[in-house]
Amino acid sequence: MSAEFVYERSESQAEALSQTQARIEQHLIRMKYIVESALAIQDTGRIEQEISLAATDLDVMVFTVLYQEGEIRFANHLVWRGSQANYVIDGYEPSIHSKTIKADTPTIQFNPARLSIQAYYPIDNITALEKDQGNIIYLEYDVSPLLSEVKEARFQSAIRSWGVSLLCLAIFLFLLHFYLIRPLRLMAKQAKKASYIVKNNGSFPKWKASPVNVVFSELEAIRNHLINFSDKLERSEKQLRDSQQRWLFAIEVSRNGIWDWNFATGEVFLSDRWKEMLGYSEDELASELSTWENLLHPEDKKDALLTLNQYLNNELDEFESVHRLRHKLGHYIWVLDRGMIVEWDDKGKATRMIGTHADVTSDMRNKQVLLHQAKHDLLTDLPNRSSLLDALYSLNESKQKVSAGLFLIDLDNFKMINDALGHHYGDRLLIQVAARLSSFFATNSLIVRLSADEFVVLAKNLPQDKNSAKRKIHALASQVRQIIGRSFHINNQTFSVSASVGACFIDSQIEIEPELLLKQADVAMHQVKERGRDGYLLYSAEMEEVAQHSLFIESELRGAIAANQLSLVYQPIVDFRGQVVCVEALLRWSHPQMGNIPPSTFIPLAEGSGLIEELGEWVLLEACGFINKLHAKGVQLDAVAINVSARQFNQGVFAENLLRVIEGLGVKANSIELELTEYALLSNLDVVKQAMDKLSLAGISIAIDDFGTGYSSLSYLQSIPLSRLKLDATFVSKIDVNESSNAIVKAIIDMAHGLNLKVVAEGVETQAQYDFLLQHGCDSFQGYLFSRPLKEADLVNYIESVAVNGPIAVS
């Protein structure tokens, strides 16, 4: 409970700090606007008024406007003005001030030593005076009262929770003692008394148990057993005395347990060693055949009794059985049970049988370990492919009508994690995925690790109705994607993984080979990958044709580069004046028999097969050659945008290789812009940020393509060095469809501008779309309204035509 209290207190304090920081940031945005406006018109009184008003908040410790050198220009304490901040303001850090000015990015942080929030907020230069350069707002806000309040609230809540828990525990212990422990104690005393009478008197008097009130059926059974204990104990003592001398020698020289079965009376003598193997003392088990039967493991009972009856009916030459018996402590031990008939009556009918028990648990455990390893995955301890095929064959051979669902789950970006962080992290991730799947599915399901990053779920006992069963399969597939889609936390690293799920419906009345069932699920899964991953499909016969076509496309794509079938076209990106500021390089494939194959067809196949890396290198070299041609012709553009796949970008050496290539080709880094989808940020944001920082520092700009359609949290926008967001064409196409569509587009533009990012609208095709985007401050535009993708020569003519004739006429 203490750990829970500390955790909840920390979470509450962190949330309170986050809310306070957000409120301070909003206030500073407003204050920045006021200061800049007031300085522009030399209205310093307005600034002093706002600072005085803000200082009325008792938690505001410091509120100042500083020069770059740290001189106080305005302050909530008049005596500070003109002084150096590092001399009069505790907690002020000149280094952070300088760093904030250089980065032109606000710094708002919590200072645990001072229990305050400190903010360094840069102001745009207003005047031309040198000392005015680098003005900044410095604010320190006392949060110690807030943290104390949160701590006290959590403490009061914890006290109430602990009190209720202790009360419930006390009530439970009282009821446990009264209804269970007390009756057991009374019965134990009575049993001890009965044993004392037998051992000391030797006359075996009839013993009667005193009444004990019980409420549980199990205790009632124990009480009834105690009532009959005297008679059973008397018979057991007599039988032991009669046979003890007869078997004394055999018991002494053998560590095996001995049993002796009298068919006429039904009595079975069990030696002390026999009972000792199972943890019982000499007087704890009845000398009856039912004793052995009741101790048999439920899974072994049928075979053991069948073997015994076959021997008694002369169907077997000897009785030998390996089975499990329940130990007194509850676990089971393996025994080798051997026996033979030693006496017959006058008519030749067997009357007596003697046998031995040998403990073979160690041998069976070793055998079971080997069998387990052969049927299970060593990393996750899940069943493996062999176990899955056995289960599918069992379903196929079942005489009952059974419906089931087979799900093949492939982790989409697992290879990226392995390549970026190493196999240790990959293995830890696989173990957590296995744990999530195992905890979600019920016992009537089989969870299998099929290969490196592929898992299989065999969900049994689905509804008999096919439509209902398929609806259940759809629901389970959606839940599988959700549980895998939740973030994973390993060694302070956070990962996001998506899954492609292919499924097939299994009807046991239709005989389909298990390997074919796996193939069907695999076909459906690959269809998901070709459609962009992170999805689910249920197998249908039509998918086979699609799979064959995809296989052909992939095969042809491997030779497309060498056969000069690939080319690049370039689509202009224009600003609000219609001037071309950038072009996007787009890959095209012209097949000699199939004609133009769209990128939406072959790019997903290249992603799944690893060809995307080879294609990416070819595109980079071609685009760099085009950039050099533009420079030779004197055509100036901000940049040429090159699309980079997530798989290619997440290679650990991508940034170094890219910089080495452009340096060798003599291409300036600032003439290249990389376009990444949000999918590229899914694996590990820290690793991605390192690569982006290296590229950005070299001068390469980075844009997020198809923004708004990805899977990542928007928080990444604050932490990675981006230059532009490309508003996806699906949002642009819905402009003026309804108010909600318009609101989404406007919100994305406002958010991007608030983060100092430019916005490019993709797929602009109508004048109405252009007018709306222009009205709401969109920075640049791309689409057929301005130009289709052009070949190199056509693009150069287009750019020159725009430069000579002025902005394009949008119509």
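## Cavities

The structure holds six cavities of 30 Å³ or more. This is a predicted model. The largest cavity has a volume of about 120 Å³. Rolling a probe the size of a water molecule over the atoms shows where empty space is left.

## Helices H12 and H16

Helix H12 covers residues 385–397, and helix H16 covers residues 514–530. Their axes come within 9 Å and cross at roughly 110°. An angle from 65 to 115 degrees counts as roughly perpendicular, so H12 is roughly perpendicular to H16. The crossing is right-handed.

Which residues make the contact? From H12 come Arg385, Leu388, Leu389, Leu392, Tyr393 and Asn396. H16 brings Pro514, Glu515, Leu517 and Leu518. By class, the contact of H12 with H16 has seven nonpolar, one polar and two charged residues.

## Helices H14 and H15

Next come helix H14 (residues 423–440) and helix H15 (residues 466–485). Their axes come within 10 Å. The crossing angle is roughly 140°. Is H14 oblique or roughly antiparallel to H15? Angles over 145 degrees count as roughly antiparallel. The angle here makes H14 oblique to H15. H14 and H15 cross in a right-handed way.

On the H14 side, Val433, Arg436, Leu437 and Phe440 take part in the contact. They meet Leu476, Gln479, Val480, Ile483 and Ile484 in H15. By class, the contact of H14 with H15 has seven nonpolar, one polar and one charged residues.

## Helices H19 and H21

Helix H19 spans residues 611–632, and helix H21 spans residues 654–665. How do H19 and H21 pack, and at what angle? The two helices pack at an angle of about 35°, with their axes 11 Å apart. Their crossing is right-handed.

H19 contributes Leu620, Leu621, Cys624 and Asn628 to the contact. In H21, the partners are Leu658, Val661, Ile662 and Leu665. By class, the contact of H19 with H21 has seven nonpolar, one polar and no charged residues.

Key:
Residues are numbered from 1 along each chain as its sequence is written. This is a predicted model: local features need pLDDT of at least 70, side-chain atom pairs count only at pLDDT 80 or more; totals for chains, interfaces and linings use all residues. Side-chain values use heavy atoms; hydrogens and water are left out. Axes are lines fitted to C-alpha atoms, for helices over the stretch in contact, and angles run from 0 to 180 degrees between N-to-C directions. Helices (H or I, at least four residues) and strands (E, at least two) are DSSP runs, numbered from the N terminus. A crossing is left-handed if the near helix is turned anticlockwise from the far one by less than a right angle, and right-handed if clockwise. Contact means heavy atoms within 4.5 Å. Ala, Val, Leu, Ile, Met, Phe, Trp, Tyr, Cys and Pro count as nonpolar, Asp, Glu, Lys and Arg as charged, and the others, Gly among them, as polar. On a 1 Å grid over the protein atoms alone, a cavity is a set of points where a 1.4 Å probe fits but cannot get out, and a pocket is an open set with protein on both sides within 12 Å along at least five of seven lines; lining residues have an atom within 4 Å of a point. Grid points are joined across faces, edges and corners, and a volume is the space filled by probe spheres set on the points. Angles under 35 degrees count as roughly parallel, over 145 as roughly antiparallel, 65 to 115 as roughly perpendicular and the rest as oblique.
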